Amino acid sequence: MRDKDCKILCEACLPAVRRAGAFIKDELGRVAVGDIEIKAKNSLVSYVDKTAEEILVSDLQVLLPSAGFITEEETVTQGGAAELWIIDPLDGTNNFLHGIPHFAVSVGLQVDGDLQVGIVLDVMRDECFFAWKGGGAYLNGQHISVSPTKHLSDAIIGTGFPYLSSETHKLKTILTDLMVSARGVRRLGAAALDLAYVACGRFDAYYEARLSSWDMAGGALIVSEAGGKVCALDGSPDFLTKGSVLASNLHLKTIVQDKICNVWRAEQ
């Protein structure tokens, strides 16, 4: 897909993402206990996630009828197309259900295995991060870039903790090291926004294990187009299939890979 086409498609997607975001915002505080389903331990879903996903699928099907979908709530199951929308209608569901105003809509478009469009909307702050392949990264239309931080001792690192993980020991080792060597570590509870925060320089790096492709697709392209580096926790480039991610600015790339990827690989 040409850069010009990616730009047109990205811009055309924004109203759909904002429509889903507006619905989610209107429902904040209205979800009853009986409306919440437990998908797995500590993994919750409500009609809000499902309806927001239906809004996105409906609008995006019109924009690109040939595309398939990978969606968290399985509104559609069309995973084999060359063009794939990868959607998380409500990233940070636990935050949303507890009234914590930090959650997002995330949309990515993958073409022949390559991310081409990424959009992450912070619903409550009305901050829309977006990027298209070759076009740079933006926040509400203003160009953004990763931080210039060069030293880990000056860096704020974002992370997340998997609910169930066989890699708990490795993650504790990494976290313990970073708590000493970095300026600070933050756990905010929405992977898509963590990636967006790396893209705009609020976080200097971010890492997390046990993620799904819809957690990462939108934000990962935004980081790359903002001048950052994205890989899996083992250092490989196929983070979407590996289910883990490390994003950072280029200055810290080698440093954080030494701190994180080396530990991850050594204890596999």
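A disulfide is taken here as a pair of cysteine sulfur atoms within 2.5 Å, and by this rule the count comes to zero disulfides. The model is predicted, so that local features need pLDDT of at least 70 and side-chain atom pairs count only at pLDDT 80 or more, whereas totals for chains, interfaces and linings use all residues. Residues are numbered from 1 along each chain as its sequence is written, and side-chain values use heavy atoms, with hydrogens and water left out.

A nonpolar core is a set of buried Ala, Val, Leu, Ile, Met, Phe, Trp, Tyr and Cys residues joined through side-chain atoms within 4.5 Å. The largest one has 38 residues, of which Val120, Phe129, Ile144, Ile222 and Phe239 touch the most other members. Among the elements that each supply at least two residues of this core are strand E6 (114–122), helix H5 (191–199) and helix H6 (213–225), where helices (H or I, at least four residues) and strands (E, at least two) are DSSP runs numbered from the N terminus. H5 gives the largest share, eight residues.

Counting contacts as heavy atoms within 4.5 Å, and leaving aside residues up to four places away in sequence, Ile222 touches Gly118, Ile119, Val120, Phe129, Phe130, Ala131, Ala137, Ile144 and Ala199. A second, separate core of 37 residues includes Phe23, Trp85, Val105 and Val117.

Technical notes
Buried < 20%, exposed > 50% of the residue type's maximum accessible area, 1.4 Å probe, protein only.
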